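Thanks for coming. I have one model to go through this morning, so let me put it on the screen.

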Amino acid sequence: MTTAANLLPLQGKNILLGISGGIAAYKSADLVRRLKERGAEVRVILTPAASEFITPLTLQALSGNPVGQSLLDPAAEAAMGHIELARWADFILVAPASADVIARITHGMANDLLTTCILAANAPFAIAPAMNQQMYKNIATQSNLATLISRNIHIYGPAAGEQACGDVGMGRMLEPLQLAELVVAFFQQSPKPLTGLKIAITAGPTREAIDPVRYISNHSSGKMGYALADAAAKLGAEVTLISGPVQLTTPAGVNRIDVVSAQDMYQAALTAAPEHNIFIGCAAVADYRMAEVSGQKLKKTADKNELTLQLVKNPDIIAQVSALTEKRPFTVGFAAETENVQAYALQKLQSKKLDLICANDVSVAGQGFNSEQNAVTVFGHNLQQSLTLQDKTTLATALIQLIVEQYKK
Ligand code: PMT
């Protein structure tokens, strides 16, 4: 049966096409047509090198939209600024992707309009490499491509064959028709199991300032919370990660909000929580903060051997999330304990009115804080399930699946 979806499989999809410098750029004019005839709305960005190979006028005529060329063009920025353009895109395709643009994307550079939009975008994204076969084989290019693959970026092609420079080998851009069909296939993939689910996760430590140079904190590295965010995003959930100060990169596709203190985390969590189906509190939040933060560095005095700091209680973030009366998410806590693990975890499940709690025995070496591995027992009102010692990535996938199962009950 012929349906509109068959005829126009990209209808309603906004495709941002980035064209970088290379002889294959002339084929991108046909690619615009192929995407448009499948129903897509197409906007094009040319790198400065690309505009040596193809004119913006051609691409403007074919796409029906102005072509972006410069980050520093006030007229273009006023019409649709680079951040707006990055948000507009449902999918970004860079075709052809030269060795140079691949290197710049890999290293997070933002030195032209295209790379800036890519850095600012949260949309899925693919590149179609096109370059001389030796440049493609070069270890630098191969290592850049491997890095992009590890970030879930799709690599379309290249094909092998005769090249414009006379060489023969890998490095030809895929044909426009093939590329357009790969974009269609991307949107037609069966939805991932957590598609449509929104999950907010807190991770890492908080820092409570004592004075301008000192703070109270703990050993949380953020690894467990980041692994949960990564696993949920890979399963298709829309993930917001509210993160204390950590040395970790944001998992692909995850929306990260950076905070420092418990009060910052409280604000961010209470704003995000009602917009999510599930809230997971994996952060090690400081229970207390300074009653008053000193405006100047506290001085050591010659006459006293003791220093007393007066602390006050921080808000209990997860208890407040769980107490929401409107749009309350399914609320999951962690309990990091060094003794009476089960009893204390069950107390927290009750007192914070949580749906689930992950009891984490942090007295055992090699698990819990700042380790690669972890083990938890998940308690619910009619549930007790142990997940034995394993690396945090694997554990996170099992935990997310268990949490979602319980949420759906
Ligand atoms: O970050 P890693 O190095 O990977 O380590 C992971 C971890 C050990 C930090 C993690 O697995 C873990 O156990 N996190 C919870 C740590 C903790 O502080 O637990 P708690 O028992 O103090 O708190 C209980 C629950 O209340 C937690 O969900 C916590 O996020 C939440 N809480 C606590 C205090 C507070 N003021 N607000 C909160 O929301």
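I will take the domains, then the ligand and its surroundings, then a few backbone details.

This is a predicted model, in which local features need pLDDT of at least 70 and side-chain atom pairs count only at pLDDT 80 or more, while totals for chains, interfaces and linings use all residues. Residues are numbered from 1 along each chain as its sequence is written, and side-chain values use heavy atoms, with hydrogens and water left out.

Domains. The assignment for the protein chain gives domain 1 as 13-188 and domain 2 as 198-297 + 307-407; such bounds come from an automatic or database domain assignment. Taken over C-alpha atoms, the centres of domain 1 and domain 2 are 39 Å apart.

Now the ligand. Around the ligand there are 27 residues, and the closest are Ser220, Ser221, Gly281, Lys348 and Asn370; a residue belongs here if one of its heavy atoms lies within 4 Å of the molecule. By type, the shell splits into twelve nonpolar, nine polar and six charged residues.

Which elements supply at least two residues of the shell each? They are α11 (223-234), α13 (317-322) and β16 (330-337). β16 gives the most, with four residues. Helices (H or I, at least four residues) and strands (E, at least two) are DSSP runs, numbered from the N terminus.

On to polar contacts, here pairs of N or O atoms within 3.5 Å. A polar side-chain atom of Lys348 is 2.4 Å from a ligand oxygen. Polar backbone atoms also take part: one of Asn370 lies 2.6 Å from an oxygen atom of the ligand, and one of Ala336 lies 3.3 Å from a ligand oxygen. On its own the ligand has 780 Å² of accessible area, and the protein covers 96% of that, by the Shrake-Rupley method with a 1.4 Å probe.

Last, the backbone. The peptide bond from Ala95 to Pro96 is cis, with omega near -5°, and Pro96 is in strand β3 (residues 91-97). Another cis peptide bond joins Gly157 and Pro158, with omega about 0°; Pro158 is in the loop between β5 (154-155) and β6 (159-162). Asn340, a residue other than glycine, has a positive phi, near 40°. Asn340 is in the loop between β16 and α14 (341-351).

How values were computed
Polar contact = N/O pair within 3.5 Å; in protein donor to acceptor, adjacent residues only side chain to side chain. Nonpolar A, V, L, I, M, F, W, Y, C, P; charged D, E, K, R; others polar.
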